[in-house]
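Here are my notes on this one, as promised. Have a look at the model first, then read on.

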Amino acid sequence: MAEVGKFEPEQDIEKKIEETRQKFNNEYVQGQESDKYDSRDVDRLQKDDALVEAYLTWRLFSVDDALKMIDDSFMWRKEFSLNDLTESSIPKWMFETGAVFLHGYDKEGNKLFWFKVKLHTKDAKTSMDKKKYVAFWLERYAKREPGMPLTVVFDMADSGISNIDMDFVKYVINCFKVYYPKFLCKYIKFETIWSSFTAAWKIVRTWLGPEAISKLKFASKNEIQTFIGPEYLPPHMGGTDPFRYSYPPLPDDDFQTPVCENGPIVSEDDNESKDFESDSKELESSFSSEVAIGPKKVQNLFNKLFVCWVMRVRQTLG
């Protein structure tokens, strides 16, 4: 089977993007209920090449498979009102639990999406609120860091039987498997000692699909630093990160400056200037050094530099 991210000639990608758009319009939009999708999502699909390419890449450049994924994800987005989902749309107590949040980076430069499993309790009455809560974080990140993948961390420390919620886990997997193409770098499951959890994760593996099964990593306290440096790990994982979740406000608003997350607060202009200079030097050194950084890190640096450049242009024009 072909691998996700396999190389396709540029002209072939352009043809498949156009084919996908035409088929989606002819087979999924025309003649269908006018309110099946949010029109804003349909408009974006017609204008955003990167979005269409993401669906195609995640479905190994099969147009028909990509169309099914687009259909499923657009209906989900309409059901959850993703384009209108705001912080005020989510019950305040959801944020106060600290069960789900964005903070820190893995060793490849990917943002960490934390799930504190011990803080989750299965409850049918709040199931939809919890799903919207996860969707809120994903959509917020997607808008602020388009094209940048996430590493999901399931922190199982101190969790027990009452915290097992297979429906919720399946939903989280579907968010990356169906709703947000090319969004996932890896799943990291930290420390499980319960045999029931072990059995549950065997079921989870069957849900992942071939494009994600290799992204599931199991890590003990001695192994977790293979993926995440101590500066972004809490003490119970053997790390040194002093971060403590609290709400309000939402944590981790400054997505562009990972090195400053636990450092002194400086002005926005200072942050942007330092980031631009630092990333430029790192990118330059990666090409001149005998030991070059990996392609994923280079791509992340390019993306960050582009964002900084856009913000500078906006400030100049504004």
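The points below go from the sheet to the core and then to the aromatic pairs.

1. Ground rules: this is a predicted model, with local features taken at pLDDT of at least 70, side-chain atom pairs at pLDDT 80 or more, and totals for chains, interfaces and linings over all residues. Residues count from 1 along each chain as its sequence is written, and side-chain values use heavy atoms, leaving out hydrogens and water.

2. Start with the open sheet: 5 strands in the order β1-β2-β3-β4-β5, with mixed pairing. At its edges sit β1 (100-105) and β5 (216-219), each pairing on one side only. The twist averages 25° from one strand to the next. Strands pair here if DSSP finds at least two bridges between them; helices (H or I, at least four residues) and strands (E, at least two) are DSSP runs, numbered from the N terminus.

3. β4 (residues 184-190) runs parallel to β5, and 4 bridges join them. Tyr-187 is the residue opposite Leu-216 in β5.

4. Helix α7 (residues 166-179) lies across β2 (111-116), β3 (150-155) and β4, at about 155° to β4. Axes are lines fitted to C-alpha atoms, for helices over the stretch in contact, with angles from 0 to 180 degrees between N-to-C directions. Contact means heavy atoms within 4.5 Å.

5. The largest nonpolar core has 81 residues, and Phe-113, Trp-137 and Phe-176 have the most contacts inside it. Its largest share, 9 residues, comes from α7. Such a core is a set of buried Ala, Val, Leu, Ile, Met, Phe, Trp, Tyr and Cys residues joined through side-chain atoms within 4.5 Å; buried is under 20% relative accessible area, exposed over 50%, partly exposed in between (1.4 Å probe, protein chains only). Leaving aside neighbours within four places in sequence, Phe-113 has contacts that include Val-100, Trp-137, Leu-150 and Phe-176.

6. On to the rings: the structure holds 26 aromatic pairs. Trp-76 and Tyr-179 are stacked, 4.1 Å centre to centre with 0° between the planes. Trp-76 is in helix α4 (residues 63-79) and Tyr-179 in helix α7, so this pair ties together parts 103 residues apart in sequence. The rings of Trp-76 and Tyr-180 have centres 5.8 Å apart and planes at 80°, so that pair is edge-to-face. Tyr-180 is in the loop between α7 and β4, 104 residues from Trp-76. Both Trp-76 and Tyr-180 are buried. Rings of Phe, Tyr and Trp (its six-membered ring) pair with centres within 6.5 Å; planes under 30 degrees apart are stacked, over 60 edge-to-face, the rest tilted.
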